[in-house]
Amino acid sequence: MDLLIKNGTLVSSSGKYKADISVVNGVISEIGKNLIPDKATKVVDATGKLVLPGAIDLHTHLAMPFGGTVSADDYFAGTRAAVCGGTTTVFDFALQDFNESILDTVKRRDAICAPDAACDYAFHVGIKDLSNGLLTTMDDAVKFGVPTFKAFMVYDFGVQDGDLFRLLEHSKKIGARVSVHAENRDAIAVLTKRFLEEGKTSAWYHYMSRPEWVEEEADIRAINFAKALGAPLYIVHVGSKGGIEAIERAKKEGVEVYAETCPQYLEFTSDVYKRTDARDFVCSPPMKGKKSKDALWRAINMGVVDTVATDHCPFQKTEKDWGKDDFTKIPNGCAGVENMYPYMLSEANKGKTTIETVVKLCSENPAKLSGCKKKGFLKPGYDADIVIYDPKLDFTITNEKMHSDCDHTIWEGKKLKGYPVMTFSRGRLVYENGEFKGERGWGKMVKRSLK
Ligand code: URP
Ligand code: ZN
Ligand code: ZN
């Protein structure tokens, strides 16, 4: 036995119970009462603490070329920040190049990620180009262990509706799943042009150029495609009331559609775009009005939201400042990978939801939906990705305490009730009491199958 975590309270979506966990070779070997360590076993006393499966963040953009620059966290900084917030597996969006096979995209990004990752990782491929037979190169990626793809219904490099249709149709045939960034590109373009011509250039107009219905309309369009084709669909970073209600209706009709939301949509509203630091909050979709925030919390507690992920895509202050006279020049995205689990657990401690629900949305469902067969649960045979969490520890987020390379955080000053005190990645201690204890290159790619 390499590690024994004693006297803790284990949490799963179905409840809490007191037990010890033993770990051998990075894998949970036994869960039970009064387990006995060997001489060489490292023993951790978790009395008074919760013992949780590490979170799985299904949505990050590390070292991603975007918005005229590259996102501020490379694979080391992003995964270092992740484990310091109790996230032990990170999914990155590998963006396809034009004229590149989809498997080549995965291999190109893995060559950068593998030497740097401090925790386990996996890829979704962000699709740009399906011309000249590239659509069927998805098949090789699925065989390789990458069965999830993202279609951007926005941005100049995103796909048009015809390609979204082809993607959904093909994904069904090959046991893959497509996720969409759902916003109406053309409506945004019209409103953006109009605001700029009228001299309305502040970050507030990032929000105004993407009114709430812009997301809902694209959600409904994607759902209609999926329904017509009988293909599964996953909608990333849902931020609007109309959007989540459309998903709820579709689920009731029997459409296989999954909803992801992010902590920023649960905490902030569009009021942030009136602040002096509004540029720092510019992301797409933008934070919406209070009714949307409330609708998302309701959907969490009604079981309509399937996963919570971060959309971690940070940019430095100087880069955000490129847009001080023109909101379209602000690189879109914010940091969050270190904040998701602590924030969600703290909101549960404050009564917004339950700890069990947080474990389900941040760990169990992400593992099941992404096809990570050995992660997301504290069970014998599963990877020992474990977080020891002190529900009584008060923590105030400041950028100084974060482990990202980004020079600011939208979460600055947020007071949390409870915080992780230790994170283990496959049984190895990688975080303890505010300090990163892991190593560059420790992380391994998780190969997956949706079958
Ligand atoms: O603003 C965001 N979300 N940036 C990252 C790219 C994306 O759309 O997910
Ligand atoms: Zn997106
Ligand atoms: Zn994203």
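At what angle do helix H12 and helix H13 pack, and how far apart are their axes? Before we get there, note that this is a predicted model, where local features need pLDDT of at least 70 and side-chain atom pairs count only at pLDDT 80 or more, while totals for chains, interfaces and linings use all residues. Residues are numbered from 1 along each chain as its sequence is written, ligands are numbered from 1 in the order in which they are written, and side-chain values use heavy atoms, leaving out hydrogens and water.

Now for the helices (DSSP runs of H or I with at least four residues, numbered from the N terminus). H12 covers residues 340-349 and H13 covers 355-370; they pack at about 155°, with axes 9 Å apart. Axes here are lines fitted to C-alpha atoms over the stretch in contact, and angles run from 0 to 180 degrees between N-to-C directions. That angle makes H12 roughly antiparallel to H13 (the label for angles over 145 degrees). On the H12 side, the contact (heavy atoms within 4.5 Å) includes Met-340, Tyr-341 and Leu-345, and on the H13 side it includes Ile-355, Val-358 and Cys-362.

Let's hop over to the zinc ion (ligand 2). Its protein donors (N, O and S atoms within 2.8 Å of the metal, or 3.2 Å for Na, K and Ca; water is not among the atoms, so sites may look incomplete) are Lys-150, His-181 and His-237, lying 2.1 to 2.6 Å away. Along the chain, the donors follow the spacing K-x30-H-x55-H. His-181 and His-237 are both buried, meaning under 20% relative accessible area with a 1.4 Å probe, protein chains only. Another zinc ion (ligand 3) sits 3.5 Å from ligand 2.

Definitions and conventions. Buried means under 20% relative accessible area, exposed over 50%, partly exposed in between (1.4 Å probe, protein chains only). Helices (H or I, at least four residues) and strands (E, at least two) are DSSP runs, numbered from the N terminus. Angles under 35 degrees count as roughly parallel, over 145 as roughly antiparallel, 65 to 115 as roughly perpendicular and the rest as oblique.
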